[in-house]
Amino acid sequence: MRKTTISLIKCDVGSLAGHHVVPEPLLNIAEKNLRKARENELINSYHIFNVGDDLQLLMVHGRGESNPEIHKLAWNTFQEAAKKALELKLYGAGQDLLKTAFSGNVRGMGPGVAEMEIEERGSDPIVVFAADKTSAGAFNLPLFRIFVDPMNTAGLVIDPDMAGGFKFEVLDTMENKSVVLKCPEEMYELIGLTGTVGRYMVSRVWRARDDLICAVGSVTKLSKIAGKYVGKDDPVLIVRAQHGLPALGEILVPFMHSYLVAGWMRGSHWGPVMPVGVKDAKCTVFDGPPRIVALGLQISNGKIASDDDGKPMVADLFDDPAFDLAKREAMEYASMLRRMGEFEPARLGIEEMEYTTLPQLLRRLEERFKPF
Ligand SMILES: [Mg+2]
C-alpha cells in the first residue's frame, strides 16, 4: 500500500499591524519556495495559508515523518520570510525562530509541527485544524469528544469498525514524558489528565483494534524552549475521517459551540475559541478571540486531490452558517471575560503567568513587603 506523509509545519515569522495577520509578501515567499520544491519533486503537493499571524505550510510527500529535507525546506522558508518581515519592519519578525543553527529537524526550534505518515486507504479524507492565540491543550476537549464521546460521535455506537475504541498518546509537558491510554476503558483517566490543558496534551490518536493512525497534534511549548514567554504555541492538528473512523461531521460537531482556551492577549488569558473561515482567521478584539480554521481535503496517490488545473482542492469547513452559533457564543463569552479585566479567572492562573513578564514586574515590590 502506498505510504504518504502529511506534514503541517507552522511558524509566526512576523505579522502586519501587531499580531493580526500574515501579509501577502510573506505568503508569496512560502508560495515561491514550495512551488520550487514541488517542481524538484521534493514534495508532491502543498497548500499555504495563514491563521492570524501564523504562516502554515501544508505539504504532502513520500519521505516519511521528521525528514530532514522537508524540515529544512520549512526552516529555510521561515528564515526567508522572517528576513522579509524584518526588512518591512513588521511586528515580531522571526518571533518563533528560537534557535539559529538548523540541525535536521524544526522540532524544539520554535515552529509547530504535526506530521502523519499514512497507508492510503481507498479514499482518505483529512481535516486540518489550525488555531491562533492559544496552545495545544486547546484540542484536548474536541479530541475527547471526537474519539471517545458517544454523544458526539454516533459511529462509536453504530459503526462496527470503530468497536474497540481509540488509543491516546498524552504528553506531560512539565516532565517531558508520555503515556498511552486506551478508551473507552480509561476515559476517566484521559479526562483526569487532559482536563489540565496547560500541562497534558494529546499528541497522537490511533484506532485501538489495528493501531491505524487517526490524529496527530503539534505539542510545542515555546515557553519551555525559550524559558520565558515568547509567543503563543498556536497549535495544529491533523485528523483522518470516515471508513471506520469518525465521519467528517462528527469531527466538526464539537465546534458547534464555543469553549474556553488558554492564550489570547499576551498568552495570559482564558478566551473563547471562535471557529471561522480562512478569510476571518485574523485576530482583532484583545488580540482575538482565539480563532480556529478547519480545512478539508482528500489524500490521493501521494498528493492532495487536485482540480483539472492541478490546484489542490481544499474545503474551508468553518466558512459555513452552521458555525454562526459558536461565533456568537464566542463573542458573548469574550464580553463577559473582558468585563473582569485582569482578575482571575479571566487571567490565567499563577503557574501559567510564571512565563510572562508579570513576575519581573512584581519582583520590584519584593523589598517593600513587611512581615504581617
Ligand atoms: Mg499566532
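Tutor: Start at Leu8, which sits opposite Ala114 in β4. That's part of the antiparallel pairing of β1 (residues 3–11) with β4, which spans eight bridges; strands here are DSSP E runs of at least two residues, helices H or I runs of at least four, both numbered from the N terminus, and two strands count as paired if DSSP finds at least two bridges between them. Bear in mind that this is a predicted model: local features need pLDDT of at least 70, side-chain atom pairs count only at pLDDT 80 or more, and totals for chains, interfaces and linings use all residues. Residue numbers start from 1 along each chain as its sequence is written.

β1 is also joined to β3, antiparallel, by seven bridges, with Ile9 opposite Leu57. Another seven bridges link β3 to β2, again antiparallel, and there Tyr46 faces Met59. In the β2–β3 hairpin, with two residues between the strands, Gly52 has a positive phi near 55°.

Put together, you get an open four-stranded sheet, ordered β2-β3-β1-β4, with antiparallel pairing. β2 (45–51) and β4 (112–119) are the edges, each with a single partner strand, so one side of each has no neighbour in the sheet.

Now the packing. Helix α1 (residues 24–39) packs on the sheet, touching β2 and β3 (54–61); contact means C-beta atoms, placed from the backbone, within 7 Å. As for β3, eight of its eight residues are buried, meaning 20 or more other C-beta atoms lie within 10 Å of a residue's own, again placed from the backbone. Asp54, Gln56, Leu58 and Val60 point one way, and Leu55, Leu57, Met59 and His61 the other.

Technical notes
Contact = placed C-beta atoms within 7 Å. Axes fitted to C-alpha atoms, helices over the stretch in contact; angles between N-to-C directions. Buried ≥ 20, exposed ≤ 12 C-beta atoms within 10 Å, placed from the backbone.
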